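Have the structure open as you read.

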Amino acid sequence: MKEWIKLKSIPRIAFAHTYSAEDGFKNHIPIRKDFIEISYCRYGKCYTIKNGKKFVSVDGSVGGEINKTEIDASYEGPFEAHSVGMVVDYDYNEIAINSNICFSLIGDKSEKLMRIIDELIFLHHFHPEREHKIVSLIFDAVDILNARFIDEWQQEEEVSGEVSYVNKAKTYIKSRISQKISINDIAKYLHVSSSYICVVFKKITGETIVEYINKYRLYLIKNYVASQNMTLKEACALVGIKDPAYASRLFKKTENQSIREFKRTGWINPAKEAKK
């Protein structure tokens, strides 16, 4: 599956809350750099105006915004909304997404995204230390949104069963990255043979499952070390690597530099810059 929204850094929650009113609400939202918001109406109706176009969200619909220009949002009458704002460096496919977009979901996907939004709100306020779980949920939310864009913009392009298996395998890996992950576990989760998922994964992605797991773990380590000043040992503990020496060798082989050299380069996480 193509990624219409591709996250390039570890997401950070800027806000996560539930808000309501009995007499409506109006807000002018400026341009937000490296920012994505996902929300849903528990009840009520929301109007969002961008570039003269009016988008409507109603009871039970899940929406989101990528803000490249200013927008005006308003609720009429009594309403309750649940919203999560995320600061993250990302790319998006401009063919599928306008430079300023509202998007919405209904049905099974919306119900799943609602649960993710409410869990993120709960974790942000009561368990912020569970950062790995928060990041995993955000990736799940983005996967749902990417699937939505596939539905809308590629209706004529059939997503094969093989691609579906690969997407599910990736989701499984991301949700369990802090644990030991075996190919047999992935195959059992998908109800297919180990040899089948290995062949299909390589065919669709061009890399083996082990290569993908290592790449994703190194991606997380790189961001943890750079943006949160963690030690390699601390970062390894969050991504399921028990031996920091192994991670160090893998990092050097992949990045062509050691962790120490990487930290000395003064690399700045774009998501942190967006906070300034």
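## Cysteines

Cysteine 198 counts as partly exposed because its relative accessibility is 28% (buried is under 20% relative accessible area, exposed over 50%, partly exposed in between, with a 1.4 Å probe and protein chains only). Cysteine 236, on the other hand, is buried at 0%. As for disulfides (a pair of cysteine sulfur atoms within 2.5 Å), the count is zero.

This is a predicted model, where local features need pLDDT of at least 70, side-chain atom pairs count only at pLDDT 80 or more, and totals for chains, interfaces and linings use all residues. Residues are numbered from 1 along each chain as its sequence is written, and side-chain values use heavy atoms, leaving out hydrogens and water.

## Helix H5

H5 covers residues 194-205 (helices are DSSP runs of H or I, at least four residues, numbered from the N terminus).

Ile197, Val200 and Phe201 are buried in H5. They sit on the same side of H5 because their arc around the axis is only 100 degrees (taken from the directions from the helix axis to the C-beta atoms). Ser195, Val199 and Lys203 are exposed on the other side. After H5 comes glycine 206, with a positive phi near 85 degrees.

Key
Helices (H or I, at least four residues) and strands (E, at least two) are DSSP runs, numbered from the N terminus. The expected span of a helix is 1.5 Å times one less than its number of residues.
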